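Dear colleague,

Please find below the structure that I am handing over to you.

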Amino acid sequence: MNTVLDLPATLSFRLKHETNDQHERMHALMEQGKPFESRERYARFVAAQYLFQQDVEHLFDDARIQAAVPDLAVRGRVEAAIADMKDLDRAIPQEPLATAHVAMPEALGWLYVSEGSTLGAAFLLKQVQQTLGLDANFGARNLAAYPEGRALVWRRFVAALDSDAISEKEHDAVLAGANAAYDRFGDLLQRYLLAA
Ligand code: HEM
């Protein structure tokens, strides 16, 4: 509940606050994984990003997520991650999808984690430019802003989260999807970046 007005918390508010520990865990993993130490280490991060983005874009085929997020066509970074791995001479990893059995409303939680990560990506892009000389046209396309800009596309996503398309009784399931998505990205970072 929103304690000031005694209104139910919006879905975007709940996602941000109730998954905060998971976000902190991502920071910790990124720090330990040192993806900016070398192009070789950074390419490991891109491999994890690619597999995660593939999990997320698989969900775009669901008519219910298309209805909930009408601008899906501008989202997702699979193609960017593939191009980056080619730039970096990294083999494309093969793994079964983690979302083969995920559907709405959990699917929206997965998309939340992916879309939110475009905000933090602004900082990662700066670091990768400064330390490894990569940019939004070579090697770091997966961290680039969407053509319309990060903030605008994010605000539109938040508006979709908080619209009437998602009923309040579905919110817990969206939260569960977000937690599962963070777990997946954490697992990918552990295996592709840290365990090496
Ligand atoms: C070192 C790596 C990272 C940094 C520095 C970082 C930083 C940030 C920053 C600065 C924001 C904006 C916060 C705000 O405007 O209130 C943000 C938001 C977010 N990040 Fe990260 N992030 C990182 C990694 C990740 C990863 C790996 C994921 C998920 C795979 C992720 C998911 C999110 C999400 C979902 C949000 C939106 C939070 C909200 O609901 O407002 N971040 N991040």
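**The ligand and its surroundings**

Of the 15 residues around the ligand, Lys16, His23, His27, Tyr112 and Tyr182 come nearest. Please note that this is a predicted model, and that every value in this message was computed from it.

The iron atom of the ligand has His23 as its only protein donor, through NE2 at 2.1 Å. His23 belongs to helix α2, which covers residues 20–33. Water is not among the atoms of the model, so the site may look incomplete.

The side chain of Lys16 places an N or O atom 2.8 Å from an oxygen atom of the ligand. For Tyr112, a polar side-chain atom is found 2.5 Å from a ligand oxygen atom.

As to composition, the shell around the ligand consists of nine nonpolar residues, five polar ones and one charged residue. Helices α2, α6 (106–132) and α8 (171–194) each contribute at least two residues to this shell. The largest share, seven residues, is supplied by α6.

**The chain as a whole**

The protein chain has eight helices and zero strands, and its pattern along the sequence reads α-α-α-α-α-α-α-α. Its radius of gyration is 17 Å, which agrees with the value near 16 Å that a compact globule of 196 residues would have. Taken along the principal axes, the C-alpha atoms fill a box of roughly 50 × 35 × 30 Å.

**Two backbone features**

Most residues other than glycine have a negative phi, and most peptide bonds are trans. The peptide bond from Met104 to Pro105, however, is cis, with omega near 0°. Pro105 is located in the loop between α5 (78–87) and α6. Lys34, a residue other than glycine, has a positive phi, near 45°. Lys34 is part of the loop that connects α2 with α3 (39–58).

In brief, the points to take from this message are the iron atom with His23 as its only protein donor, the shell with its largest share from α6, and the cis peptide bond from Met104 to Pro105.

With kind regards

Key. Residues numbered from 1 in each chain as written. Predicted model: local features only at pLDDT ≥ 70, side-chain atom pairs only at ≥ 80, totals over all residues. Heavy atoms only, no water. Donors = N, O, S within 2.8 Å, 3.2 Å for Na, K, Ca; no water. Helix = DSSP H or I, 4+ residues; strand = E, 2+ residues; numbered from the N terminus. Near = heavy atom within 4 Å. Polar contact = N/O pair within 3.5 Å; in protein donor to acceptor, adjacent residues only side chain to side chain. Nonpolar A, V, L, I, M, F, W, Y, C, P; charged D, E, K, R; others polar. Rg over C-alpha atoms; globule rule 2.2 N^0.38 Å.
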